[in-house]
Amino acid sequence: MNGPVSFETHGEIGVIRVDNPPVNATSQAVRAGLIAAADAFAASDAKVAVIVAEGRTFIAGADITEFGKPPMEPHLPDVIHHIEALKKPVVCVIHGTALGGGFEVALGSHYRVMVKGAKIGLPEVNLGLIPGAGGTQRLPRLIGMIPACEIFTSSRQVGADECVKLGIADAVSTEAPFEAGMSFARKVLAEGLGVRRVSEMTVPAYAAADLEALKAKVARANKGHVCHLKGIDVAVEGTKLPFSEGMKMERAAFWELMQTPQRAAMIHAFFSERKVASLPELKGVSPRPLGHVGVIGGGTMGGGIAVACLLNGLKVTLIERDAEAVERAHTGIARMLADSVKRGKLGADARDALLAEKLVTTSDYPSLAAADLIIEAVFESMDVKKDVFTKLDAIARPGAILASNTSYLDVDEIAACTKRPQDVIGLHFFSPAHVMRLLEIVVAGKTAPDVVATGFALAKALKKVPVRAGVCDGFIGNRILKTYRTAADIMVLEGASPFQVDKALEEFGFAMGPYAVADLAGIDIGYLTRQRLAPTRKPGERFGEWGDVLYEMGRLGRKSGHGHYIYDETSPKGRPDPEVEEIIARERKAKGITPRAFSDAEIVERYMAAMINEGAKVVGEGIALRPLDVDVTKLMGYGFPRFRGGPMHYADHIGLAKVLGTIEDAHKAGDDIFAPAPLLQKLVAEGRSFDSLNKE
Ligand code: 3H9
């Protein structure tokens, strides 16, 4: 047999081997190969077969690159049925991760062995889908309705030991995958075990109340998504029918979801998160060594960066001003590591070893002399940053990389105060830095290619998603944020209320609206930003000033119990405050604005148009390489709803001409932020999409 699936016999044991790098996805050739191998096993003298995969993982699922294209036979559910229907037993060996269709192949096998450390999962909901090759029909029969629905609605990966407890796996093996399969096959032969088809099992009884509780939890956690509850319905209703009818129900629901914009959006997000790290400028460029990281500043950001590095095997030297600040930083880091221990991410011994062997906290700058990379995370002031970089320039070893964690300052200007601008880069982490996965890698004019490559290598080491950004105020993320936040303020000035804006955007899918976010971050943050921008603001530029009034009143947001909203025992998540409406009404009056009504749809349309238009400027100016880099930035760092794929993907979905129309209308009032982006105008004129630029 040629192709990615082979069959061979070892005495009485047949081996079906899948070899389809990188992740053994069940592309058409694999599906056809599995049918052929199953037939070869049936025709052979072998009495038991082992399905095993080559490489770093068992089958990681259906081939996602085939989604959205016409389906090709044989279909995966039929392939799995073919395996399950065999009259001789089949043992599936799982190593790495058996995900989606890969786990469904295992469920169609008669026995499952997991190599130690292996995991299973049904992550289809992350792609806007439900399991489509028997996952909703076989898993409830195997382990019960509630645990099965919990697994595919949460998309969590379940480890080998838990799989044994749940009844998913028959054994955990410490052997390599092939040997593990051979050992279990010998046991099957020795004990005379026969076929055991999950499709012939009945779903164990469960309490209706438990199902309702799970549904309510799933609905709460996945607002706006259509697939999760659909999956539960299909599992519950389908398993009441004969197996083949249940499979038809699952297939119909799977294909219905395949046609939805949510599926297209989530697959765009999946591939974009991987494409951001593929940069033509890095082809053939090797990163510099990266084992010892220096961090300047032990506040929330610096501490979080240090923890991210420690948790991923890097040595850290953290510098603070004086002994007291050093002590505080050390305590903060120890607390964050203790949280990791509490959440089961780290053993207590490993934590102690990190603190004792991998972390140095000190006020002594020269201790950074051996560091490979030094990340500055001090107060956002150009003078303070320049002072730090001058010191670093004097002590860092030649070839060490000097990075700033600034979220908007000019990295070229920072680099210029050193004698090694080629070694200077921006590494913009998001808070909390050991949790948030986005890392903006800000490439300054003189940054050397291998320094950029090291930024990307750092992101990989820290399991973060890196996005390349050019230098401008706020880079990709904060620059676009400033624009849509101002667009929201202008709508409030024109008559919408902050509460209506938040509600409309939360219904669109954002976890929080901009004013709830402002309260969470602290009203003082917005106040300081406005102060910083005041000297360069054009006369007549419209922006909301009520935030300054709130600040002066000491209404700092959640931390002071009131900001835009009131936070107290009766409303811990905040309730609208009429006093804020009065403050805004006074501002409108002073500015001569007669308020008008906004519909929720108009709010979303204008807010999104402002975000997309600024995104187009950012791409057009080369600050972001492609529209997908903007999408990933907003998805990973700014709570953009994943089921909408990112602002640029969403723009393609609603049509660029419509976005341009909204922007042109908004621009009639003369606000610069709404000036149409030349790139948006060009694409509309040429009838092209943003996605066409992703493919160039
Ligand atoms: C499904 O199965 C539906 C069924 O129920 C029903 C069907 C009828 N297909 O992430 P990595 C590529 S839905 C195609 O960097 P890692 C990926 O793009 C599917 N390609 O590695 C990348 O390519 P490149 C359910 C895939 O070690 C390369 O492989 N399954 C697929 O960090 C390496 O990926 C999932 O949703 C795929 N399924 O993580 C699993 N998966 O090198 C999705 C990966 O060109 N995959 N690629 O950039 C994952 O979660 C991770 O890739 C995995 C490995 C954990 C497997």
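G474 is in contact (heavy atoms within 4.5 Å) with S407, Y408, E440 and R479, leaving aside its neighbours within four places in sequence. This is a predicted model, where local features need pLDDT of at least 70, side-chain atom pairs count only at pLDDT 80 or more, and totals for chains, interfaces and linings use all residues. Residues are numbered from 1 along each chain as its sequence is written, and side-chain values use heavy atoms, with hydrogens and water left out.

**Around G474**
- G474 sits in the loop between β17 and α18 (477-494); helices (H or I, at least four residues) and strands (E, at least two) are DSSP runs, numbered from the N terminus.
- G474 has a relative accessible area of 1%, so it counts as buried (under 20% relative accessible area, with a 1.4 Å probe and protein chains only).
- From G474 to R251 the distance is 46 Å, C-alpha to C-alpha, and the two are 223 residues apart in sequence.

**The sheet**
- Eight strands form an open sheet with mixed pairing, in the order β12-β11-β10-β13-β14-β15-β16-β17; two strands pair if DSSP finds at least two bridges between them.
- At the edges are β12 (359-362) and β17 (465-469), each pairing on one side only.
- On average, neighbouring strands of this sheet are turned by 25 degrees against each other, direction ignored.

**Inside and alongside the sheet**
- Strands β10 (residues 292-296) and β13 (residues 373-376) run parallel and are joined by four bridges.
- V295 stands opposite I375 in β13.
- Helix α14 (residues 348-358) packs on the sheet and touches β11 (315-319) and β12. The direction of α14 makes about 55 degrees with that of β12; axes are lines fitted to C-alpha atoms, for helices over the stretch in contact, and angles run from 0 to 180 degrees between N-to-C directions.

Notes. Buried < 20%, exposed > 50% of the residue type's maximum accessible area, 1.4 Å probe, protein only.
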